[in-house]
Amino acid sequence: MKRIIPVAVALLLILLIAGVTVGSYLLDKYSYSKERADWNEYYQVSGNQSAIILQDEMIAEKAVIKDGMYYFDLTTVHKYFNEIFYVDMTENILLYTTATEIIRSNFGETTYTTPAGTQDAGYVISYVENDVVYVAADYVKQYTNYSYDVYDSHIQVYTEWGRKEIAEISKDTAVRLKGGIKSPILKDLTAGDTVEILEQMDTWSKVKTADAVIGYVENKRLSNQTTVQETPVTDYVAPEYTSLTMEGKLSLGWHAIGGEGGNSTLEEMAAGAQGMNVIAPTWFSLNDEEGNFRSFGSADYVNRAHNMGLQVWGVLDDFNYNNETGAGLSVYNVLSSTTKRQKLAQNITDVALSLGLDGINLDFERLGADSGVHFVQFLRELSILCRSNGLVLSVDNYVPFNFNDYYRLDIQGQVADYVIIMGYDEHWHGSGDPGSVASIDYVTGGITRTLEEVPAGKVINALPLYTILWRIEGAEVTDEYLTFNNTEDFLNRLSVEPEWQESTCQNYAEWTSGSVTYKIWLEDMESLRVKLSVMSANEIGGVAVWRLGYGTPAIWELISAYVNS
C-alpha cells in the first residue's frame, strides 16, 4: 500500500499537468484575441496623411490634411476623379476648362476667376510642395460628381452609387483585420450597429462599418440582411458640349496652298470635285514659339468658295513652315505655356472670323507624347472660342494605335465637331519599307478603333488620292509619289498589268528593270470603292481626301455617290 500511494500521486500530478496543458491549449486556440491593430500601420499613414477608401477599397494614394482642409495630389485627381484639371508649373496656375469657360486660380491662393469675375473659395485651392501639386477636395468636388466623408485616419470617397447588402450586428463583437478570432481588432461593434457586407464566406464576412472601417466579422453576428439602394450625389451637373455638324455626310477636300498665289487655283481645284461640300486650304502654319502663325488667308477666296456652295475650313498646321525654313520650332514650347497657347487659340479664332471662315481644321502632326496633355488643353480652350463664335472645329489624326493615344480621340470626340482620321501612310514616303499606303485592314482597323472613342457621326475617314512607287536595288530602297490621276497612264506606258490582291484589297504590280525591282500597291477606283463601302457600313460622318488636284472625275463621282447615299 505504501508503494501504491507515491505512484498514484505521481499519476495525479501527471494528469493535472496534462489537464492544465490541454486546457491552456484549448483556451488559447478557442479564445478571442484582444490584440488591437495599429491603425497607422494598417492605413499606412503618417504625419498629416489620411488613407483614401475609394468605393469599398483602400487605394495606395493618400490624402493630405492642411489647415483643416483635405487635399489630393493632382495625379490622384486625374486617375480617380477628374482629368480636366490642368496645371502650368511655370506660370503657377491651375485651370479647369468646361464647355463654355476657363476657370483659373493661382497656386497658394483662395480665389478663382471665371468670365463672370473673381470668387473666394474660403480656403487655399491648390498649393505646390516638393514639385507636387495638391488640390483641395472641396474644389475638386465643385466640378466633379463625388462625395466624401472624413474620419480619424481615413477619408471615404464615392464616385459611383448602386445597390449594397447591409446587415445588423446581433451581439457585441469586433471587426478584425482578417477572418479569424486571433486576428487583431480594428474596431469594436455593439449590438444594433449596421455594416455593409462586401464579401460573404463560410464563417466570416468582409464588411465595412458606418465609419468606413473595412475588416472581417463572424457570420453568426450578422442578422437582418437586406439590400438597399445608395443615394447618388446629384449636386454637380456635367457641362453640355454642343456640336456644329452638317446635315448628311461631310465631303472635305484639302487644298494644298504654298503661297498667296495658290488662292487663284480655287476654281481649278474645285471644278471636278463632285459632291465636295467643304474645302480646307492649308493657309496657316506655326512660325514661332510665341503663339503666332504664317497666313496665306484670303477673304476673297472665302467669298468665291461660298458662292460655289462650299464651306471653308482654314487649316492650321505645326509643320509646313518648319519644313520650308528648317526653323526647328518646338510645338511643346508653344502648347505647354498657357500664355502662348491661349494666344494661339485667340489669334486663329480672330483670323478665322476676320476672313469669314466657317471652321478651323487643326493638323498637328509633330506632337510628342510629352505634348499630349498640353495639346488636349489647347483643344479644350480652342473649342470654347469656336463654339461661342459658330466655327466648326475639326482635328486631323493619324490612324490610332497605342503609341499615339496621347492625341486622345475620346476627348476630341467630346470637344471637337469632327475627328478626321488620315487613313493612309501605313507605309510612307522615305520609310524604306515597301508596302501599301492604305491596305483595307489598316483603314478598317483605324475606323473601328476610332469608333470606340468617338461618336460615329463625328468620324471622318480621309482617303489618299495617291500611291507610292517603290524602287528596290539591293539593300537600297527609294520611292516616289504617283497621283491618282496619272498612275494609270504611267503603268500603261510600261505595259504593266496589276493584279487584284485580296489581302490589301488593292491592285498590285511588281516588275524588274535591270537590277531594280519596282513594287506598287495602287489606289484606284476598285480600292477606294472598297474603302467607301467599309465607311458606309460603319455609318461614319463622311469622307476627306488628300488632296484636291490628284483625283479624276470618275473618283469624284464615286465619292459623290457615297456622300449622297
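Student: Which residues line the largest cavity?

Tutor: Keep in mind that we're looking at a predicted model. A search of the whole structure turns up 1 cavity of 30 Å³ or more, and the largest cavity has a volume of about 40 Å³. Its lining is made up of Leu-286, Asp-288, Asp-318, Asn-322, Leu-329, Ser-330, Val-331, Val-334 and Arg-366.

Student: How many nonpolar, polar and charged residues are in that lining?

Tutor: Go through the names by class: Leu and Val count as nonpolar, while Asp and Arg count as charged. Asn-322 and Ser-330 are in the lining too, and residues of those types fall among the polar ones. So the lining of the largest cavity comes out, by class, at 4 nonpolar, 2 polar and 3 charged residues.

Student: Is Asn-92 buried, partly exposed or exposed?

Tutor: Asn-92 lies in the loop between β4 (86-88) and β5 (93-97), and it has a positive phi of about 60° without being a glycine. Buried means under 20% relative accessible area and exposed means over 50%. Asn-92 has 40%, so it is partly exposed.

Student: And Asp-131, is that buried or exposed?

Tutor: Asp-131 also has a positive phi, near 65°, and its place is in the loop between β9 (126-129) and β10 (132-136). The cut-off for exposed is over 50%. With 70% relative accessibility, Asp-131 is therefore exposed.

Note on methods. Residues are numbered from 1 along each chain as its sequence is written. This is a predicted model: local features need pLDDT of at least 70, side-chain atom pairs count only at pLDDT 80 or more; totals for chains, interfaces and linings use all residues. Side-chain values use heavy atoms; hydrogens and water are left out. On a 1 Å grid over the protein atoms alone, a cavity is a set of points where a 1.4 Å probe fits but cannot get out, and a pocket is an open set with protein on both sides within 12 Å along at least five of seven lines; lining residues have an atom within 4 Å of a point. Grid points are joined across faces, edges and corners, and a volume is the space filled by probe spheres set on the points. Helices (H or I, at least four residues) and strands (E, at least two) are DSSP runs, numbered from the N terminus. Buried means under 20% relative accessible area, exposed over 50%, partly exposed in between (1.4 Å probe, protein chains only).
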